[in-house]
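Here are my notes on the model, written so that you can follow along with the structure open. Take the points one at a time and find each element on screen before moving on.

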Amino acid sequence: MSERQIELEVLRYDPEKDSAPRFQTYSVPCLNEWVVLDALNYVKENLDTTLSYRWSCHMAVCGSCGMMINGEPKLACKAFIHEYSDKIRVEPLAHFPIERDLVTVIEDFIGKLSSVKPYLIPKDDQPISAGEFKQTPAELIKFKQYTLCINCMLCYAACPQYGLVPEFVGPAAIALAHRYNQDSRDGGRDARQEVVASNEGVWECSFVGACSEVCPKHVDPAGALQQVKVASTIDWYKEHLMPWVKK
Amino acid sequence: MSCKPYIRETSKTTWYLEHPRYKRYMAREVTCIFILIFTFELVCALGAVANGPEAYAAFLAKLHSPLSILFNLVALVVTVYHSVTWFNVTPQAMPVQIGEEFVPGQYIVGAHYGIWAVVSLVVLILGVW
Amino acid sequence: MAKSNKPIFWSLFAAGGTVTAFVTPALVLLLLFASLGLVPSLFTYEHLHDFAHNWLGKLIIFGVILVSLWHAAHRLRVTLHDFGVRADTVVAYAVYGIAGLGTLMTLVYLLRI
């Protein structure tokens, strides 16, 4: 176990006192095996109890501790001290308004998530007596990867289009819509298309691919969005060239 | 609810300079300018052919200028970059499922490079034959 | 939120991106040789005229140029937005206008050969 003295440069913002955010530096005795979240917890427990940030599981499954670490969107519990030099800059997740210190306002994302109807909409109503849905492994892998999203919003912080066009529905929400569209038990694709196939939906995406690069769960939202573009394009041609075909 | 959320501004014109990942993206995107100009080079060649042998000789002469040589040289590098970046992302956009598994991305990319080599060879051979 | 009309432009962009990825570098190389004074035989007046005179040649030439133009135009529309140009409708008319012009020119030239 090796010890390191880390200079943590944290962006602070107190809405009741500050007109703008400012950096505050803390000198933190760390173990090289720590993650940035451990350093933040040390600060809160020993140096400055006023520091505010979200965290929960400390094992990269809850998605709470997303923040900018040296300008890169990361989960604080997955950012290992040994990957960094002795100066680490910590800021709230990009492209979201700052509520206080490292806590961002996530209402926009939550709204977009619900707008894509992220739940199974069965094709027909089945009575309980019909039994459970059956699904083969081949049907499962069509969408399994996209179930891994932990809603950490790192992809929104990385996506430059979301930064430039706040109306953009965004990577995680559209990838989740794709997850349900691909599920053989689901019949809700048309219900989702109004949002997903709009200009502010998938068509704002220009396949930068940053979202997939930063995703801590390897969901590959960029891939999901391109697949949604292909499906939406086929829809468009069917609608316009073969309008007699009922969906 | 937030009493006074602070909104950080991103520059609409220089945001891509902030990270190497965004610079690579912009480099990929601007390949379209070179492809557009090159395609008009082909259109002009066609126009020259339509106007007869003297017009076409004049077109070839204009092609012989230092500016054209420079452009075509740069366009070669740029269009190769477009090809490479296009092939590399194809498995993400069009995954191939066989049975209960997806074909590993590198096979799809590799197949594209293979086809690219064959097609290029065919175009070059047809070009110089 | 109304459903977008982007699919038509995006499908041309995708088709063009694929075609240009496969054939354009080789074509550029041929024209680079031509501009260096080593004109490949396909780009001599006689051979190019014969190739473009043939209906299959016309089809190939038109197809490649069409998708190349509309691929580049759509990407340029997005790129200008990335560079901060916000007037998307104006930009769309401009870039698709250029692609349309190129398409028309190609059509006219091919019909005259």
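1. **The sheet of chain A.** In this predicted model, five strands of chain A make an open sheet with mixed pairing, in the order β2-β1-β5-β3-β4. Helices and strands here are DSSP runs numbered from the N terminus, with at least four residues (H or I) for a helix and at least two (E) for a strand. Two strands count as paired if DSSP finds at least two bridges between them. At the edges sit β2 (22-31) and β4 of chain A, each pairing on one side only. Direction ignored, neighbouring strands of the sheet are turned by 35° against each other on average.

2. **How to read the pairing.** Strands of a sheet pair through backbone hydrogen bonds, either parallel or antiparallel. Look for a parallel pair in β1 (residues 3-12) and β5 (residues 87-92) of chain A, which are linked by four bridges. Within this pair, L8(A) stands opposite I88(A) of β5(A), and E9(A) stands opposite R89(A) of β5(A). As a reminder, side chains in a regular strand alternate between the two faces of the sheet.

3. **The antiparallel pairs.** β3(A) and β5(A) run antiparallel and are joined by three bridges; M67(A) has P92(A) of β5(A) as its bridge partner. Four bridges connect β3 (residues 66-69) of chain A with β4 (residues 72-75) of chain A, again in the antiparallel sense. There, I69(A) is partnered with E72(A) of β4(A).

4. **The hairpin.** What lies between β3(A) and β4(A)? Two residues do, and the strands form a hairpin. In the turn, N70(A) has a positive phi of about 50°.

5. **A helix across the sheet.** Helix α1 (residues 36-47) of chain A lies across β1, β2, β3 and β5 of chain A, and runs at about 105° to β2(A). For such angles, axes are lines fitted to C-alpha atoms (for helices, over the stretch in contact), and the values run from 0 to 180 degrees between N-to-C directions.

6. **The build of chain B.** Chain B contains five helices and two strands, arranged from the N terminus as α-α-α-α-β-β-α. Its radius of gyration is 22 Å, whereas a compact globule of 129 residues would have one near 14 Å. That radius is taken over C-alpha atoms, and the globule rule is 2.2 Å times the number of residues to the power 0.38. Along the principal axes, the C-alpha atoms of chain B fill a box of roughly 75 × 50 × 25 Å. Buried residues are 28% of the 129 in chain B; a residue is buried if 20 or more other C-beta atoms lie within 10 Å of its own, exposed if 12 or fewer, and partly exposed in between, with C-beta atoms placed from the backbone.

7. **The build of chain C.** Of the contacts in chain C with a separation of 6 or more, 66% are between residues 24 or more positions apart. A contact means that the C-beta atoms of two residues, placed from the backbone, lie within 7 Å.

8. **Where chain B meets chain A.** This contact takes 21 residues from chain B and 27 residues from chain A. On the chain B side, α1 (20-29) and α4 (66-93) of chain B are the elements that give two or more residues. By class, that side has 11 nonpolar, six polar and four charged residues. Here Ala, Val, Leu, Ile, Met, Phe, Trp, Tyr, Cys and Pro count as nonpolar, Asp, Glu, Lys and Arg as charged, and the others, Gly among them, as polar.

9. **Where chain B meets chain C.** Here 48 residues of chain B touch 46 residues of chain C. Two or more residues each come from α1, α2 (31-50), α3 (53-63), α4 and α5 (105-128) of chain B, and the largest share, 15 residues, comes from α2(B). The chain B side has 34 nonpolar, 11 polar and three charged residues.

10. **Confidence and numbering.** The predictor gives the complex an ipTM of 0.95 and a pTM of 0.94. Chain C averages a pLDDT of 95, with 97% of its residues scoring at least 70; pLDDT is the predictor's confidence in each residue, from 0 to 100. Since this is a predicted model, local features need pLDDT of at least 70 and side-chain atom pairs count only at pLDDT 80 or more, while totals for chains, interfaces and linings use all residues. Residues are numbered from 1 along each chain as its sequence is written, and chains are lettered from A and ligands numbered from 1 in the order in which they are written.
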